[in-house]
Amino acid sequence: MHTPIRLYMSMSLDGYIAGPDDRPGQELGRDGGRLFNWLDDRKSDGPSGQIYREALATGALISGRRTFELAGRWQGDHHDGVPVLVLTHQVDDGDVPPGHARFVTDVEDCARQARAAAGDRPVMVHGAGAAQALLRAGQLDEMEIHLVPVLLGDGRRLFDHLGGDHIELDLVRRLEDRDVTHLRYRVRRAGAGEAA
């Protein structure tokens with residue numbers, strides 16, 4: 001497989017990645033922090049530690065604009081100085097992102113730049129909007145879903161705006177840990193006899 005573009009996302013069982021009213025000062029929405037309790041084990045030798053180390057070993061990051069802004073633009077560095085490509089609909093004159101970040105308005109160009117920047121390492125994806133755009137464009141290869149056993153009931157969903165296309169996934173890894181199941185799916189390509 002070419003350099004994989006892989007979504008990393010914590011999600012409630014009912015499909016939410018943030019609670020209601022996510023905004024600056026309440027970036028994860030009301031009760032959305034519950035989705036990240038598994039990070040308490042990020043330094044462990046267990047599955048959550050493994051997943052966290054894998055995420056930080058990625059060679060580039062694609063983020064949606066909303067996620068980038070809610071995260072305080074990561075002050076220009078998400079991890080280890082890797083390039084941060086921010087997928088956005090438009091770029092305002094004079095709006096220069098900090099550090100290693102840059103804005104990209106075309107999905108396929110964003111994927112191309114991220115793969116080139118990452119070299120032989122995977123590309124990390126953050127944000128529902130970016131994930132949906134990449135899926136619609138056939139550019140998202142894998143999804144690492146950190147499934148948390150909670151029903152948030154409201155908030156921001158991960159897969160709200162995919163359109164009418166049917167997307168098949170193959171489960172390629174399942175790791176259980178305290179308060180989370182880490183599920184890695186490979187996205188099947190249309191017309192392909194097997195997973196990409």
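In this predicted model, the buried residues of helix α1 pack against β1, β6, β7, β9 and β10. These buried residues are Ser48, Gly49, Ile51 and Ala55. They cover an arc of only 160° around the axis, and therefore sit on the same side of α1. An α-helix has 3.6 residues a turn, so residues three or four places apart point the same way.

Strands β9 and β10 run antiparallel and are joined by 8 bridges. Within β10, Val180 stands opposite Asp177. Strands β3 and β4 run parallel, with 4 bridges between them. Here Leu85 in β4 is the bridge partner of Ile62.

Strand β4 also shows how side chains are arranged. Val84 and Val86 point one way from the strand, while Leu85 and Leu87 point the other way. All are buried. In a regular strand the side chains alternate between the two faces of the sheet.

Nonpolar packing was examined next. In soluble globular proteins, nonpolar side chains tend to be buried together. The largest nonpolar core holds 29 residues. Those touching the most other members are Ile5, Leu7, Ile62, Val125, Leu134, Leu140 and Leu158. At least two residues of this core come from each of β1, β3 (60–64), β4 (84–87), α3 (107–118), β6, α4 and β7. Helix α4 gives the most, with 6 residues.

Leu7 has contacts with several parts of the chain. Residues up to four places away in sequence are not counted here. Leu7 then touches Val125, Gly127, Ala131, Leu140, Glu142, Met143, Glu144, Ile145 and Leu158. A second, separate core has 10 residues. Ala55, Val86, Ala101 and Met124 are among them.

Side chains of opposite charge can pair when their charged atoms come close. Across the whole structure, 20 salt bridges are found. One of them links Arg189 and Asp141, whose closest N and O atoms are 2.7 Å apart. Arg189 lies in the segment after β10 (180–187), and Asp141 in the loop between α4 (128–136) and β7 (142–148). The pair therefore ties together parts that are 48 residues apart in sequence. Asp141 is buried, at 2% relative accessibility. Arg189 is partly exposed, at 22%.

Another salt bridge joins Glu142 and Arg186, with the closest N and O atoms 3.7 Å apart. Glu142 lies in strand β7 and Arg186 in strand β10, so this pair ties together parts 44 residues apart in sequence. Glu142 is buried, with a relative accessible area of 4%. Arg186 is partly exposed, with a relative accessible area of 25%.

A further salt bridge forms between Arg174 and Glu176. Their closest N and O atoms are 2.6 Å apart. Arg174 counts as exposed, at 52% relative accessibility. Glu176 is partly exposed, with a relative accessible area of 44%. Salt bridges that share partners also build one network, made of Glu54, Glu144, Arg173 and Arg184.

Gly32 lies in the loop between β2 (16–18) and α1. Its relative accessible area is 0%, so Gly32 counts as buried. Gly32 and Ala18 are 14 residues apart in sequence. In space, they are 4.7 Å apart, C-alpha to C-alpha.

Technical notes: Residues numbered from 1 in each chain as written. Predicted model: local features only at pLDDT ≥ 70, side-chain atom pairs only at ≥ 80, totals over all residues. Heavy atoms only, no water. Salt bridge = Lys/Arg side-chain N within 4 Å of Asp/Glu carboxyl O. Buried < 20%, exposed > 50% of the residue type's maximum accessible area, 1.4 Å probe, protein only. Pairing = 2+ DSSP bridges. Core = buried A, V, L, I, M, F, W, Y, C linked by side-chain atoms within 4.5 Å. Contact = heavy atoms within 4.5 Å. Arc of directions from axis to C-beta.
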